Amino acid sequence: MLSFEQILKRVQKPAYYTGGEYGSVVKEKTPDLLRYAFCFPDTYDIGMSYLGGKILYGLINSMDNVWCERVFAPKDDMEALMRENNLPLYGLESLDPIREFHLIGFTLQTELSYTNILNMLDLAGIPLLAKDRPDPFPLIHAGGPCAYNPEPLADFFDFFIIGEGEEVQPEFIRVCQQFKEEGGSDKRELLRRLAAIEGIYVPSFYDVTYHEDGTIASFTPNDPAAKSTVTKRLVQNIDEIYYPDKVVIPFADVVHDRVMLEVFRGCIRGCRFCQAGTIYRPVREKSPAVLDRCAQTLIDNTGYDEISLTSLSTSDHTRLMETTDQLLSWCDPRKISLSLPSLRVDNFSTELMDKVQRVRRGGLTFAPEAGTQRMRDVINKQVTEEELARTCRIAFEGGWLNIKLYFMIGLPFETEEDVAGIADLAQMVVDTFYRCENRPKGKSPRVTISVATFIPKPFTPFQWAAQDRAEQVDRKIALLRDKIRSRKIVFNYHDRKASYFEAVLARGDRRVGASILRAFELGAKFDGWESHFSLDLWLKAFAETGIDPDFYATRPKARDEILPWDFIDCGVSKAFLWRENERAAMAAVTPNCREHCAGCGADRLTGGYCHARG
Amino acid sequence: MLGVRLTFAKEGRALFISHLDLMRCMSRGICRAGLPVYYTQGFNPQPYLVFSPPLSLGYGGAAEICDFSLLDEGYPVEEVVARLRAVMPEGVRPIATAVPVHKLGALALADWEIRVGAGMTAADVAAARDCLDAPEILVLKKSKRGEREVNIRPMIASLTAAEEGGALVLRCRLPLAGENALNPKYLVEVLGRSLPQFADADFFALRTAFYLEDGTPFC
């Protein structure tokens, strides 16, 4: 048996496993203390880049008698040594095994991490199935965007949190504290109390029946504490919610290592493929004064030299110029740079470009998403070719040479012409460079087109759509590859195989849980990593558990079909989503929320307030 | 400009961070402390910091060095250490600050305390001492230019061996810089190769002090 230190000496990234970073919270272990493990089902470098984790870590630790620790998925070398030496999964702050904790929460950022969740529970020595855990603690729960269809994970979790965590986390933690103080031992009783909280879903309190064709016949509560509809939680006043004033500063190099400043939540755009654009509605914006104060505090307390303004579409903030001016007034003298990811093609300006990143690091990335105007109208991505040309001209004249363009293929109503249009659009960007009078002399541009296979997601107008079959995707990719003529264009394609199984999990029902468990038993983990993912393994798992993946991925769903996630009210109405689906079929554009309210229904949850309407 | 030499310990949870991690950590700590530090000039200004040579992953340092400059010549040097202590993670512990006397480039030798194995007896210690006292100790030494066989015996400036808490503790002075730099792991390797009781023995190396070529304590 090796000691902890001996194990660390033998792994590639020991700094991922030792904790002790500046800003990590250590509390005294008293009998009253409720122990919380915040688990990110991927490696440290990815998990430590996640803003939601920073917010919740700070928030939970700001509560009395609660100690929140971080837990990440160990890499292969560490996992092997942990298993060989009986070292159970532990919290990075105390190094104590998390199976001794009271609450274990996972964040669901992608379906590709589901097997990692099972692997982490297994490494912790915790039974994977909720029914095999009779005691109230540890209580295993999850939240995050993928919790909007929690059903494939229903067998594993005791409860789910639907919506934003800032208000609901303290509420349910207090209920658990109370239960612990009372010395409660009836798990069902605790779950009943939790189910009473708005936004909490307890899957074991519901029964599902199915039609002969496999579609859902009924979804009904089996416990008086369970509501027939679970309504998402959201923060009403975003200027007043908790924002951390200090964060954990990793020793190791992580993906996003800078101050992240959330400028608004929601999105006015209404792209029809985008789940985030729906579930975070309505739009709520932070004011420049609040942003400035948060940024100054965070810079003082972290020592970072970069601030990233984050949101789904940062250039849509109504007072972005005012905000950046205010920030730059003190950032410049202190040698702190601003970065603005998530810029849009249609409102990118020289003025904005001058403000960000004096150092031209890397390239610029834009997401036209589709190759032809018709297709962009179908998905409601309101970006024109002229706007893209103008934006690229500004970028080239500003000294950038590398432009990266994101596209999807396999979108609903897509034709071969639309696919070929991707190559034409990339060629147009190359031509734009050579037409620029002020282009960098003696240099050539590089246009990277990055293509992903479309995955229909719950709570989008395309939630009913069929995913393209493998042979359709292959044909389209071959067609596109063939259309690319210029050596200035680099073609990147995100493999369709992972997209297929991702589509099954994204729109799966409870029955898919058995496949996830089987896939894990067969060795699946890190499904988002090309080095680990195996479609054959997943197909085997589906087959062995009697699941037809095509039923979930490539079958179009009927309008009146009960979808697995229909019991969730995310604000935006199903009627609106269907209307948008029909408009997509007609390639009809729906104006953005600021131009014209489309009546999505999300403002029901904010008493009629939506920032886009003022 | 005011040159400042910070002495700090690298210990505990920070033992397994890389030199690059350490540099980043120190740079951010200095920013958090609000010190008027001198930045590199160029497109991507960073606090200008110079460190004592990197420690291998897992090694500790009792008196590591980081040099930087303050733009304010009148800044109280003695205040720097208190300010840094308040903003550094537990494993990177500021000990003292002073105005540098020697240049970092003049660092030539370091003292090490190497704890090897467990359950060691006086006989094991004597065997280890004899083994490392041989007239010639050949090891295959890795460097940037590849591997070559070297006699490391003349590089060991001084060495004592003792038994403490069941471990063999070697205290030695080894060259630090340049072609002849000697990592303490080679001593442990020699023991493991020559004496069965040290085969696969674990060790922990702690760098305790720095010297100039002639043995003058570095300051």
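Visitor: How much space lies in the second largest cavity, and what makes a space a cavity?

Guide: In this predicted model, about 100 Å³ of space lies in the second largest cavity. A cavity is a set of points on a 1 Å grid over the protein atoms alone where a 1.4 Å probe fits but cannot get out; points are joined across faces, edges and corners, and the volume is the space filled by probe spheres set on them.

Visitor: Which residues line the second largest cavity?

Guide: Lining residues have an atom within 4 Å of a point. Among those of the second largest cavity are Tyr16(A), Tyr17(A), Tyr44(A), Arg70(A), Phe72(A), Met82(A) and Tyr90(A). Strand 2 (residues 66-72) of chain A contributes the most, three residues; strands are DSSP runs of E of at least two residues, and helices runs of H or I of at least four, numbered from the N terminus.

Visitor: What classes of residue make up that lining?

Guide: Eleven of its residues are nonpolar, none is polar and one is charged. Ala, Val, Leu, Ile, Met, Phe, Trp, Tyr, Cys and Pro count as nonpolar, Asp, Glu, Lys and Arg as charged, and the others, Gly among them, as polar. The largest cavity has ten nonpolar, six polar and four charged lining residues.

Visitor: Which residues lie nearest the centre of the largest cavity?

Guide: Of its 20 lining residues, Gly270(A), Cys271(A), Arg281(A), Phe576(A) and Glu580(A) lie nearest the centre. Helix 8 (276-279) and helix 20 (574-585) of chain A each give two or more residues to this lining, and helix 20 of chain A has the largest share, three residues.

Visitor: Why is strand 13 of chain A called largely enclosed?

Guide: Five of the five residues of strand 13 (residues 306-310) of chain A are buried, so the strand is largely enclosed by the rest of the structure. Buried means under 20% relative accessible area, with a 1.4 Å probe and protein chains only. Glu306(A), Ser308(A) and Thr310(A) point one way, Ile307(A) and Leu309(A) the other, and all are buried.

Visitor: How do you know that strand 13 of chain A pairs with strand 14 of chain A?

Guide: Pairing requires at least two DSSP bridges. These strands share three, in the parallel sense, with Leu338(A) as the bridge partner of Ile307(A). Strand 10 (residues 259-262) of chain A also runs parallel to strand 13 of chain A, with four bridges, and Glu262(A) is partnered with Thr310(A).

Visitor: What conventions apply?

Guide: Residues are numbered from 1 along each chain as its sequence is written, and chains are lettered from A and ligands numbered from 1 in the order in which they are written. Local features need pLDDT of at least 70 and side-chain atom pairs 80 or more, while totals for chains, interfaces and linings use all residues; side-chain values use heavy atoms, leaving out hydrogens and water.

Conventions:
1 Å grid on protein atoms, 1.4 Å probe; cavity = no way out; pocket = protein on both sides within 12 Å on 5 of 7 lines; lining within 4 Å. Buried < 20%, exposed > 50% of the residue type's maximum accessible area, 1.4 Å probe, protein only.
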